[in-house]
Amino acid sequence: TLGAAVAPEFFPRNPESAETTAKLIKAILAAIIILPFVLFAPTAGWVSDRFSKRNVIVTSLWAQFGILAMIGTALAFHNLSLSIFGLFLLGVQCAFFSPAKQGIIKEIVTATKISSAVGVVEVTAIASMLVGGLAGGALYDYCLSTLGNNSWNAAVATMAVLTCLALVSLIAGYKIKRPPAHTNQPFRAGLLWEHFGQLRDV
């Protein structure tokens with residue numbers, strides 16, 4: 001939404017270039033959200049097993065809070081490149097958060113409740129993505145209409161709200177029971193690239 005909004009500001013007299021830029025920004029954003037999962041999936045899995053998953057979750061939530069604050073600051077200074085890099089960092093944070101979130105379920109609930117717990121987590125995650133996407137867009141549009149159609153200020157206001165919500169999730173993360181680490185296996189550098197060979201074979 002922001003990319004489509006700010007592109008005309010870069011090309012005020014060339015609508016065609018603005019439209020092309022908006023499409024390019026959208027494509028870049030879509031790619032950098034997926035890229036961290038491809039790059040860091042095995043490493044994230046190792047981190048989730050090597051350390052307490054509760055610690056991984058809390059650390060990831062701290063990272064999320066800091067990254068959102070960084071993106072908001074970048075938007076306040078009209079730095080779109082740094083904002084996009086911040087979104088990549090947010091994808092990295094999510095890549096490390098996801099396996100810990102999924103893996104901790106079987107460690108903090110009884111065997112008879114695992115299925116229902118997994119179902120609740122999955123439904124909540126999907127609902128959050130759907131509702132969050134709609135609510136975020138609606139919030140941005142509201143801020144845009146109330147802040148004089150200034151896309152940068154609207155984006156900053158939206159990020160301020162998201163950062164506050166991230167703080168709420170961080171506080172909730174500290175309420176999670178702390179299970180022990182699953183393994184003491186040391187880190188192997190091969191985790192950073194071995195999966196690319198496996199993907200090639202597939």
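How many residues apart are F85 and F88 in helix α4? I looked this up in the model, which is predicted. F85 and F88 are 3 residues apart in α4, which spans residues 80-103, so about one helical turn separates them.

Aromatic pairs. I searched the whole structure and found 4 aromatic pairs. I describe such a pair by the distance of the ring centres and the angle of the planes. I looked at W62 and F65, among them: the ring centres are 6.4 Å apart and the planes stand at 85 degrees, so I list this pair as edge-to-face. Both residues belong to helix α3 (residues 53-76), where they are 3 residues apart, about one turn of the helix.

I went back to F85 and F88. Their ring centres lie 6.4 Å apart with the planes at 25 degrees, so I list the pair as stacked. F85 is partly exposed at 43% relative accessibility. F88, at 19%, counts as buried, because the cut-off for buried is under 20%.

A charge over a ring. I noted that the charged end of R50 sits over the ring of F51, 5.3 Å from the ring centre.

Helix α6. I took the span of α6 (residues 114-146) from its first C-alpha to its last. This helix of 33 residues reaches 46 Å, close to the 48 Å expected at 1.5 Å a residue. Which residues did I find buried in α6? They are A117, Y140, C143 and L144. Just after α6, I noted that G148 has a positive phi of about 70 degrees.

Technical notes. Residues numbered from 1 in each chain as written. Predicted model: local features only at pLDDT ≥ 70, side-chain atom pairs only at ≥ 80, totals over all residues. Heavy atoms only, no water. Helix = DSSP H or I, 4+ residues; strand = E, 2+ residues; numbered from the N terminus. Expected span 1.5 Å × (residues − 1). Buried < 20%, exposed > 50% of the residue type's maximum accessible area, 1.4 Å probe, protein only. Phe/Tyr/Trp six-rings, centres within 6.5 Å; stacked < 30°, edge-to-face > 60°. Lys NZ or Arg CZ within 6 Å of the ring centre and 35° of its normal.
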